[in-house]
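Some words used for protein structures rest on cut-offs.

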Amino acid sequence: MKTQAAALLLTLLCLAPALADEPRVVVVGIDAKTQKELGAFGGSYRGLHAQLIEKLNASGARAIAFDVFFPENPDRVTETAALAKAADASRAPVTIGVHAEEQEDGTFAKLENAAVFQGTKVAQGAIYARRELFIRKDADGIYGETGALVIGAEAAGYRSLIETTLSSAGVADRKRLESLGVIEPVTAGWNGAEVKALALRPQLKAKPLTLSYVDVLRKKPHPALKGAIVIVGMTDGAQDVHEAPDPSLPKLKKISGVYLHAALAERIVKAVAADDARRAQETAGKAGAKGAGKATGLDKVLGDKVGKDAPKKD
C-alpha cells in the first residue's frame with residue numbers, strides 16, 4: 001500500500017502545473033540608441049544579426065524570430081551568407097520573416113528571402129498584419145467600419161511568423177492553436193464584398209520586456225533571455241509603425257509591428273500554459289480519486305497537507 005501511495009504522490013507531483021517552465025517573450029528592439037551606435041538600420045545589420053544569434057544562443061534563448069525579411073542584396077552578399085550560416089547553426093530554432101503584399105483581389109504576392117537561406121534549417125513565416133474591415137450596406141450605399149489589427153494565419157503560402165516560431169520551439173502547433181481558439185475567422189473587405197480569412201488576434205496589453213539590440217549585442221547576457229522566445233524587430237517609433245491598432249483601446253495611438261507579434265506570442269504562451277495546468281489538474285484529480293479509500297492512502301502518507309496544498313479548481 002505504501003508503494004501505491006508513493007507512486008500516486010509521484011504522479012501528482014509530475015503533473016502539477018510547471019509555471020516556471022512557461023517561456024517568456026522578449027523583444028530585442030532596434031531602437032534609436034542602437035541606430036545611434038551602429039548606424040541606420042539596413043543591409044549592414046545582416047552581419048550584426050549573425051553575431052546577435054550567437055549571443056542569444058549563449059544566453060540560452062529557446063527560439064529566435066526576426067520580424068524582418070532578407071531579400072537578395074548584391075551589396076551585402078557576405079553579410080547575408082554569414083547570417084544564413086549562423087541561423088542554420090543556431091541551437092535555438094530561427095525563423096525569419098516573409099513579406100507578403102496584399103493585392104486588389106485579396107491574394108498575396110510574396111517578396112522572397114535570399115536564395116542562400118534555401119536548404120538550411122531556417123524557417124520562414126509571414127509577417128503580415130491586416131485590419132478587420134466590416135462592410136455594411138444600407139440605404140445610403142456601402143461603407144466600411146474598421147476593426148483591430150490581426151495577424152494573418154497564412155499569407156503567400158506561409159503561416160505566420162509567430163505560429164512558425166512557436167511550433168519550431170515545441171510550444172504549440174496548428175492543431176493546438178485551433179483547439180485553443182487562437183485561430184479564428186475574421187472579416188476583411190474588398191470592393192464592397194466581405195471576405196473571410198483565418199487570423200490570429202493579438203491581445204494588446206502591457207508591452208513585453210524589451211531589450212535594446214545594441215545592449216544584447218555588446219553587454220553580458222541578460223538573465224531574462226534564458227529560455228525565452230525572442231523576437232527581433234524595429235522599436236524606434238519611426239519604422240514599421242501601425243496607427244490605431246485596436247479601436248477598443250483608444251489610448252493606444254500607435255504600435256510598432258514587432259509588438260503585434262510579441263502580443264500574439266504572449267497570448268499563445270499563456271493559453272498553452274493555462275491549458276496544460278487544467279489538463280494536469282484533471283489528470284491529478286483522476287489519479288487522486290483512484291487512490292482514495294485505500295487502507296494506507298495518500299492522505300495517511302502526507303497527513304493534513306493533502307487537503308491544504310492540493311491544487312484547487314476554480
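Q: How many salt bridges does this predicted model have?
A: The count comes to 14 salt bridges.

Q: What makes the pair Glu37 and Arg218 a salt bridge?
A: The closest N and O atoms of Glu37 and Arg218 are 3.1 Å apart. A salt bridge needs a side-chain nitrogen of Lys or Arg within 4 Å of a carboxyl oxygen of Asp or Glu, so a pair at this distance qualifies. Side chains of opposite charge can pair when their charged atoms come close.

Q: Why can the pair of Glu37 and Arg218 be said to tie together parts apart in sequence?
A: Glu37 belongs to helix 2 and Arg218 to helix 7, so the pair links parts that are 181 residues apart in sequence.

Q: Why is Arg218 called exposed, and what is Glu37 called?
A: Arg218 has 53% relative accessibility. Exposed means over 50%, so Arg218 counts as exposed. Glu37 has a relative accessible area of 40%. That value falls between 20% and 50%, so Glu37 is partly exposed.

Q: How do you know that Glu154 and Arg159 form a salt bridge?
A: Their closest N and O atoms are 3.7 Å apart, and the cut-off is 4 Å, so the pair passes. Glu154, at 43% relative accessibility, counts as partly exposed. Arg159 is partly exposed as well, with a relative accessible area of 37%.

Q: Which side chain meets Asp215 in a salt bridge?
A: The side chain of Lys219 does, at 3.7 Å from N to O. Elsewhere, salt bridges that share partners join Arg176, Asp275, Asp276, Arg278, Arg279 and Glu282 into one network.

Q: Why is Thr34 called buried?
A: Its relative accessibility is 0%. Buried means under 20%, so Thr34 is buried. Thr34 lies in helix 2, residues 32-38. Not counting residues up to four places away in sequence, Thr34 touches Gly29, Gly39, Tyr45, Ser212, Tyr213 and Val214.

Q: What makes the approach of the Thr34 and Ser212 side chains a polar contact?
A: The two side chains are 3.2 Å apart at this contact.

Q: What does Leu225 touch, not counting residues up to four places away in sequence?
A: Leu225 touches Val26, Leu56, Ser59, Gly60, Ala61, Leu211, Val216 and Val230. The C-alpha atoms of Leu225 and Ala58 are separated by 9.5 Å, and these two residues are 167 residues apart along the chain.

Q: Why are helix 3 and helix 4 called roughly parallel?
A: Helix 3 (residues 45-58) and helix 4 (residues 77-89) pack at an angle of about 20°, with their axes 7 Å apart. Angles under 35 degrees count as roughly parallel, so helix 3 is roughly parallel to helix 4. The crossing of these helices is left-handed. Helix 3 makes the contact through Arg46, Gly47, His49, Ala50 and Ile53, and helix 4 through Glu79, Thr80, Ala82, Leu83, Ala86 and Ala87.

Q: Why is Thr164 called buried?
A: Thr164 has a relative accessible area of 16%. That is under 20%, so the word buried applies. Thr164 is in helix 5, residues 161-168, and its side chain reaches the backbone oxygen of Ser160 at 2.8 Å. Residues touched by Thr164, leaving aside those up to four places away in sequence, include Thr95, Ala123 and Gln124.

Q: What is the phi of Ala156, and is this residue buried or exposed?
A: Ala156 has a positive phi of about 55° although it is not a glycine. It lies in the loop between strand 8 (154-155) and strand 9 (158-159). Its relative accessible area is 17%, under the 20% cut-off, so Ala156 is buried.

Q: Why is Asp240 called partly exposed?
A: Asp240 has a relative accessible area of 35%. This lies between 20% and 50%, so partly exposed is the term. Asp240 is found in the loop between strand 13 and strand 14 (241-243), and its phi is near 55°, a positive value in a residue other than glycine.

Note on methods
Residues numbered from 1 in each chain as written. Predicted model: local features only at pLDDT ≥ 70, side-chain atom pairs only at ≥ 80, totals over all residues. Heavy atoms only, no water. Contact = heavy atoms within 4.5 Å. Helix = DSSP H or I, 4+ residues; strand = E, 2+ residues; numbered from the N terminus. Buried < 20%, exposed > 50% of the residue type's maximum accessible area, 1.4 Å probe, protein only. Polar contact = N/O pair within 3.5 Å; in protein donor to acceptor, adjacent residues only side chain to side chain. Axes fitted to C-alpha atoms, helices over the stretch in contact; angles between N-to-C directions. Parallel < 35°, antiparallel > 145°, perpendicular 65-115°, else oblique. Left-handed = near helix turned anticlockwise from the far one by under 90°.
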